[in-house]
Amino acid sequence: MGPTGVYARSIDGIGTVQLGIAGDRVISVSFPTHAPEDAAATHPLLDRIADYATGSAEDFRDVPIGLTLPTPQRRVLETIRSVPYGDRADVELAARMTAGIDHTTTDGHNTVRTALEANPVPLLVPDHRVENAPSSAPPRVTKTLRNLER
């Protein structure tokens, strides 16, 4: 994955993308207004995201991520990661697909929504592929990512 650190740069169509990398895992993806001055602008994953923004069908499933969330939320995000590029799910389907979540209950649906809101690595865990649900990415970014995959 590369050295531990913060990497960020502006990507046409998306805006600034910032990666937090610890060891061999991406632990955060965010979309700040500007890249921090101390952030490195060169990283192979930023190159892949730039290609994605220009229409390359990319799912990022091979990128190692670090999720430090309660087990039910982590399971939801691991499930969402399997939703293919261009496909969509809704909260009920995400709950149905996730082991240990009762898709017939409000609690199950709330677990999915809570996980999506807490997603530390949007884009790598594509919460934008879950319709009528929250995303941890800003609304403008979520809209852009959905439009890229239509």
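**Salt bridges and a hairpin**

User: Which helix holds Glu78 and Arg74, and how many residues apart are they?
Analyst: Both residues lie in helix 2, four residues apart, which is about one turn of the helix. The model is a predicted one.

User: What joins the side chains of Glu78 and Arg74?
Analyst: They meet in a salt bridge, with an N to O distance of 3.6 Å. Glu78 is partly exposed at 45% relative accessible area, and Arg74 is partly exposed at 27%.

User: How many salt bridges does a search of the whole structure find?
Analyst: The search finds nine. Among them is the pair of Asp62 and Arg48, whose closest N and O atoms are 2.8 Å apart. This pair links distant parts of the chain, 14 residues apart: Arg48 belongs to helix 1 (44-53), and Asp62 to the loop between helix 1 and helix 2 (71-80).

User: Is Asp62 buried or exposed?
Analyst: Asp62 is exposed, because its relative accessible area of 55% is over the 50% cut-off. Arg48, at 24%, counts as partly exposed.

User: Which residues are linked in a network of salt bridges?
Analyst: Arg48, Glu58 and Asp62 are linked in such a network.

User: Turning to the strands, how do strand 2 and strand 3 run, and how many bridges join them?
Analyst: Strand 2 (residues 15-22) and strand 3 (residues 25-30) run antiparallel, joined by five bridges. Gln18 has Ser30 in strand 3 as its bridge partner.

User: Which residue takes a positive phi in that hairpin?
Analyst: Gly23 does, with phi near 65 degrees; the hairpin has two residues between the strands.

Note on methods:
Residues numbered from 1 in each chain as written. Predicted model: local features only at pLDDT ≥ 70, side-chain atom pairs only at ≥ 80, totals over all residues. Heavy atoms only, no water. Pairing = 2+ DSSP bridges. Salt bridge = Lys/Arg side-chain N within 4 Å of Asp/Glu carboxyl O. Buried < 20%, exposed > 50% of the residue type's maximum accessible area, 1.4 Å probe, protein only.
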